[in-house]
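Hi,

Here is the structure I promised to pass on. Have a look at it first, then read my notes below.

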Amino acid sequence: MNTSTPAAERRRRLVWDLPVRVFHWLLVLCFAGAWLTSESERQALLHQTLGYTLAGLVVFRLVWGLVGTRHARFADFVTGPGAVLRYLGAILRRRPEHHVGHNPASALAIVVLLLLGLVLGASGYALQQDIGGEWLEEAHEIAANLFLLTAAAHVVGVLLASRMTGENLPRSMVDGLKMAPPDEAIRKPWRSVAALVIAAVIGFWVLQWQSAPASAGGDGAIATAGQHGRDGDDD
């Protein structure tokens, strides 16, 4: 939300809860790892594990977007195209709006990334089960490329907004603090939920590797996320 609160009443306050921050950085880790291992048959199990983790994180974020803290909820930041265009226009005029939570452009990127994450997870699982064939493999690759492009655009937008507003937005996704009036801050970071997310991820990783056959790393299984098509025949 764009706030007109006088600057004197604003200071760095807790805005992003810990589950949102954990989700954010784990999503970065999983997609980057899945992308880097997408062409290696020997690392197929790692690729699948990271892909499934990414899909699970997206499901968690969808739930947390409904029941989480104030600025984590979709109702707080999902807007229509008019708000996105207005925000981009303000950026072009070098008069950026200040939003305590996600700005409209970031909100759009987040929604797109969540949808693409679901597509990657579903299509990757189907391919692993030998469902769909080449057309689904192509769709999987396109979704991965779109995910990467959207993430890159999001990073550029965040850096540009940081420069224009003078607020270090990447830092806020580490410590959870942003410039905000008292009534916009959240009261607690929800460490317990973040701990459960981390425990679930680690538990899933352990289960994957303990139950994998010895040849799983080299069987050429189709992976779940982050696969790209630099040569046109990789997934």
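Let's start with the second largest pocket: its lining has 13 nonpolar, five polar and no charged residues. (Ala, Val, Leu, Ile, Met, Phe, Trp, Tyr, Cys and Pro count as nonpolar, Asp, Glu, Lys and Arg as charged, and the others, Gly among them, as polar.) A pocket here is an open set of points on a 1 Å grid over the protein atoms alone, where a 1.4 Å probe fits, with protein on both sides within 12 Å along at least five of seven lines; lining residues have an atom within 4 Å of a point.

Before you go on: this is a predicted model, where local features need pLDDT of at least 70, side-chain atom pairs count only at pLDDT 80 or more, and totals for chains, interfaces and linings use all residues. Residues are numbered from 1 along each chain as its sequence is written, and side-chain values use heavy atoms, with hydrogens and water left out.

Back to that pocket: H6 gives the largest share of its lining, eight residues. (Helices are DSSP runs of H or I, at least four residues, numbered from the N terminus.)

Now the largest pocket. Its lining takes in 35 residues, and His 24, His 102, His 154, Val 158 and Met 173 lie nearest the centre. Helices H1 (18–36), H5 (104–128), H6 (134–165) and H7 (169–175) each give two or more residues to this lining. By class, you'll find 21 nonpolar, 10 polar and four charged residues there.

Cheers
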